Amino acid sequence: MTSALERAADLLGRARFPVFGGLFTDIRGATAALALAEKLGGVIDHAAGESLARLSLIIRERGASSASFGETRNRADVIVIVGSEPLERDSDLIGKLFPEEKGLPCPGDQVRELVLLGGKQASAQRRVPLTWIEADDGDLPILIARLGAAVGERGETTNDQLAIVAERLRAAAFAVFVYSAAELEEPALFTLLDIVRHLSIATRAATLALAVPGNGDGVNLCSTWTCGLPVRTSFAGAVPEHDARKFATDRLIESGEADALVWIDALAEQGEHWPRGVPTVVLSSQGPVGEGADIVIEVGCAGRDHDAALFLTPISGIGMVEATNPTHDKPTVASVLSRIGELIDAKEAA
Amino acid sequence: MLIQIRGGRVIDPMHDRDAVGDLFIEDGRIVAKPEGRNPDEVYDVGGKILMAGAIDVHSHIAGTNITLGRQLMPELPALAAAEGQPILASPAAWGSYATGIRYAEMGYTTVIEPAMIPTHAIEAQAELAAIPIIDTAGLVILGNDDYTLELLRGARTGGDELKDYVAWTLEHSKAIGLKIINAGGSEAFKFNARTFDLDDEVPDYGVSSRAIVESLQQAVADLRVPHPPHVHCNNRGIAGNVETAVATIEATQDLPIHFAHIQFYGYGDAGKKGFSSGAPRLMEAVNKHKNVTVDVGQVMFGQTVTVSGDILRQFDARGAASPKKWVINQGDGNGTGVVPYNYRAKSFVNALQWAIGLEIFLMAEDPWRVLFSTDHPNGALFIRYPEIFHLLTDRDERARWLDDLPADVHEVSNLAGITRELTLSELAVITRGAPARLLGLTDRGHLGPGAVADIAVYTDQKNKRAMFAAADLVFKSGALVVRDGKVVRVAWGRCYHVEPGFDAQIKRRVNAFYDRYYGVDLSRFGVTEAITHRPDRFATVPCLN
């Protein structure tokens with residue numbers, strides 16, 4: 001182990017512009033990765049960096065009109081699930097959003113209902129009224145735009161179903177649109193926000209983005225409070241710089257701008273493949289990692305081998321997950337990265 | 001090791017001390033002059049001013065809400081710097097690390113985050129732990145959460161169960177006190193209310209804002225928590241709201257209570273524009289009710305961002321967003337509103353807000369009850385404090401500022417007629433002694449033997465802005481951390497919280513509540529020592545006897 005850490009410190013100490021990618025890790029792991037990236041003048045990114053970049057861009061440009069999972073589950077009377085990914089990601093999502101027991105006090109006495117916008121038809125329990133609107137040719141952004149026009153009563157709505165849903169949304173006490181940032185690009189996200197803000201003039205409405213895989217939201221929040229910017233931020237200059245395209249891991253490796261990669265894959269959920277092409281240190285809790293890594297360091301799995309602070313859907317925030325099978329045999333991502341930082345400091349001092 | 005700080009003017013109002021003398025430090029604490037021993041280290045500070053490290057009782061430095069602000073406004077430091085505000089034009093300049101560094105450079109050693117969301121306390125505590133040098137503590141928010149409201153349904157008082165619930169919430173989040181933000185107003189917003197007054201009732205629950213505050217106030221008093229409920233009133237920022245503030249003060253039943261950023265409630269509705277200073281009326285009530293403390297929430301001109309759990313008022317304010325973007329996050333309990341704002345000296349309303357804040361400071365009969373704050377970042381970024389110290393201590397400086405303001409401000413503000421200048425000792429009260437006393441942090445805010453050796457040394461100068469922007473020396477727990485206005489050693493502080501104790505049954509009941517309504521176990525959002533790798537991170541503030 002010591003020699004692997006020393007070799008990693010060698011490799012990274014020589015690197016001119018290292019990328020810290022993957023980042024399937026807990027808050028302490030993210031904190032340590034940010035600290036090391038800052039020390040070495042590298043880049044911080046996440047395997048779900050594309051989704052995080054979209055969410056970050058929307059909030060930076062326009063803001064947000066969001067709801068927590070708990071408020072949606074307890075108080076939304078019309079829930080619109082946008083696209084197919086929300087139900088693909090969590091087959092029990094409808095059950096969680098429509099629990100059998102009555103939720104917290106909320107206005108109105110309408111029966112709670114579900115709208116599936118685009119995506120595939122799904123079955124809900126009989127007690128949940130369901131409307132499914134199919135996207136023509138699978139074009140979800142167009143369907144969202146048409147719904148926006150219908151809600152705002154702009155132009156002619158030729159689709160009767162859309163007109164009915166728009167009417168229900170206007171009459172709803174609290175409508176929430178649930179979506180996955182992996183499935184919708186920025187224009188569609190802006191349109192959703194416009195719909196919600198239009199509805200909010202007279203009533204209440206909000207969006208709820210599904211949690212980004214790999215503790216993406218947690219890592220992104222940690223990056224934000226640490227350096228004021230989301231992931232895909234470079235520490236190479238005098239002040240940190242964020243650029244969702246320039247500092248994407250894949251692009252930096254492909255273009256040869258980055259000269260080292262630290263890939264972190266240390267959660268119970270399946271991580272992503274890392275891009276090949278530069279000297280690579282892999283921190284993994286997933287067993288054999290395949291060909292191509294110069295140095296592999298086995299680490300504990302956050303939430304399984306050790307307690308971990310992670311973004312949790314039910315509280316729409318960072319919570320604590322106790323280890324299901326605590327072990328002290330494996331180091332944490334945080335301890336490995338901190339140790340590498342110390343070894344680099346020691347070499348520089350020598 | 002014995003350290004001597006020799007020959008400075010020691011300003012320590014808690015001990016009625018304002019005289020040239022020495023301070024001695026050993027093992028991180030201030031000690032009496034030890035007889036027959038030579039100090040191991042001497043700092044000669046002849047001609048300098050010595051004060052206890054400053055304590056900020058209300059500054060949004062950590063947690064979901066301020067980080068939403070960072071997500072919305074990464075350009076805030078750049079915008080502020082471009083206007084000449086003393087901040088580096090980097091998004092990192094209002095990150096956790098820079099926050100601790102800048103506070104320390106000004107001589108601050110303890111800062112209170114006033115709005116931890118109960119279910120998001122882990123993020124707030126992780127962020128506080130990422131702030132170097134200063135000690136911190138958090139206030140946890142109740143009063144718009146459904147558990148409290150259910151206990152108060154109809155005309156019930158909540159009784160012992162409310163007391164246990166408050167105690168459990170404080171312990172679960174490792175908070176130092178309780179925050180109440182527009183009690184019932186955020187819940188009413190969920191029923192599409194757009195205004196909410198002191199005697200309005202929360203829909204469905206049928207409990208008034210007044211009753212929520214009174215019940216929680218009683219619970220905190222019964223628990224003997226040193227810091228009284230920290231209250232953000234209804235109707236923030238609305239012309240004529242001074243009547244709400246006065247009614248709220250008069251409703252406080254002689255139990256201790258703290259009102260936050262009271263400037264935002266100091267508004268009358270006189271004058272041609274229907275907006276005037278309510279400071280005289282407000283301060284008459286504050287001065288009379290000795291159970292009441294306030295912090296001011298001073299406004300300063302320039303770019304900032306407003307961040308608040310008062311989602312109802314923030315929703316209303318979104319139209320004034322500058323730049324034109326905003327966040328309304330309809331979260332559990334209060335939710336959050338984030339609205340960027342630029343206070344302009346040429347704006348009648350903003351200029352009057354600025355004047356009202358200063359009036360409140362200067363009309364306070366007892367500075368021990370009128371504490372310093374800007375409600376960072378809501379009234380101004382905390383980096384502006386030295387400018388405000390200058391304004392409070394120098395009437396000529398105030399006159400210079402007043403000259404640049406719209407003429408009609410003078411018709412509805414009394415500031416121009418106020419000649420009072422706060423003394424350095426009074427400044428030490430509102431930034432050191434009073435916050436420490438209010439928080440129950442008896443080991444700081446003063447320079448007596450036994451106090452934590454948090455000490456700031458300044459060069460006395462007429463320009464108080466320059467004086468307080470950069471301390472000559474700052475000691476944190478006896479270690480030198482700042483020299484010539486720059487951090488020379490990055491240490492890590494502690495986080496203070498209370499443990500009032502509760503009947504264990506409450507845990508089962510609250511767990512059943514969260515299981516049913518949120519599908520989550522309490523352990524998922526409980527703050528434990530595991531939040532950092534520093535074993536001595538948390539320290540308990542004893543409850544009153």
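How are α2(A) and α10(A) oriented to each other? In this predicted model, helix α2 (residues 27–40) of chain A packs against helix α10 (residues 216–227) of chain A at an angle of about 45°. Angles under 35 degrees would count as roughly parallel, and 65 to 115 as roughly perpendicular. α2(A) and α10(A) are therefore oblique to each other. Their axes lie 9 Å apart. The crossing of α2(A) and α10(A) is right-handed. From α2(A), the contact takes A:Ile27, A:Ala30, A:Thr31 and A:Leu34. These meet A:Gly218, A:Val219, A:Cys222, A:Ser223, A:Thr226 and A:Cys227 in α10(A). By class, this helix contact has six nonpolar and four polar residues, and no charged ones.

Chain A also holds an open sheet of seven strands, with mixed pairing. The strand order is β10-β9-β2-β1-β11-β12-β13. β10 (241–242) and β13 (295–298) of chain A stand at the edges. Each has a single partner strand, so one side of each is left without a neighbour in the sheet. Within the sheet, β1 (residues 18–24) and β11 (residues 260–265) of chain A pair in the parallel sense over five bridges. A:Phe24 stands opposite A:Asp265 in β11(A).

Strand pairing also links the two chains. Strand β3 (residues 63–67) of chain A pairs with β16(B) in the parallel sense, over five bridges. Here A:Gly63 stands opposite B:Trp326. The contact between the chains takes 47 residues from chain A and 46 residues from chain B. On the side of chain B, α1 (64–72), α3 (96–105), α4 (121–129), β16 (326–330) and α18 (505–518) each supply at least two residues. That side has 20 nonpolar, 16 polar and ten charged residues.

Technical notes
Residues are numbered from 1 along each chain as its sequence is written. Chains are lettered from A and ligands numbered from 1 in the order in which they are written. This is a predicted model: local features need pLDDT of at least 70, side-chain atom pairs count only at pLDDT 80 or more; totals for chains, interfaces and linings use all residues. Two residues are in contact if their C-beta atoms, placed from the backbone, lie within 7 Å. Helices (H or I, at least four residues) and strands (E, at least two) are DSSP runs, numbered from the N terminus. Ala, Val, Leu, Ile, Met, Phe, Trp, Tyr, Cys and Pro count as nonpolar, Asp, Glu, Lys and Arg as charged, and the others, Gly among them, as polar. Two strands pair if DSSP finds at least two bridges between them. Axes are lines fitted to C-alpha atoms, for helices over the stretch in contact, and angles run from 0 to 180 degrees between N-to-C directions. Angles under 35 degrees count as roughly parallel, over 145 as roughly antiparallel, 65 to 115 as roughly perpendicular and the rest as oblique. A crossing is left-handed if the near helix is turned anticlockwise from the far one by less than a right angle, and right-handed if clockwise.
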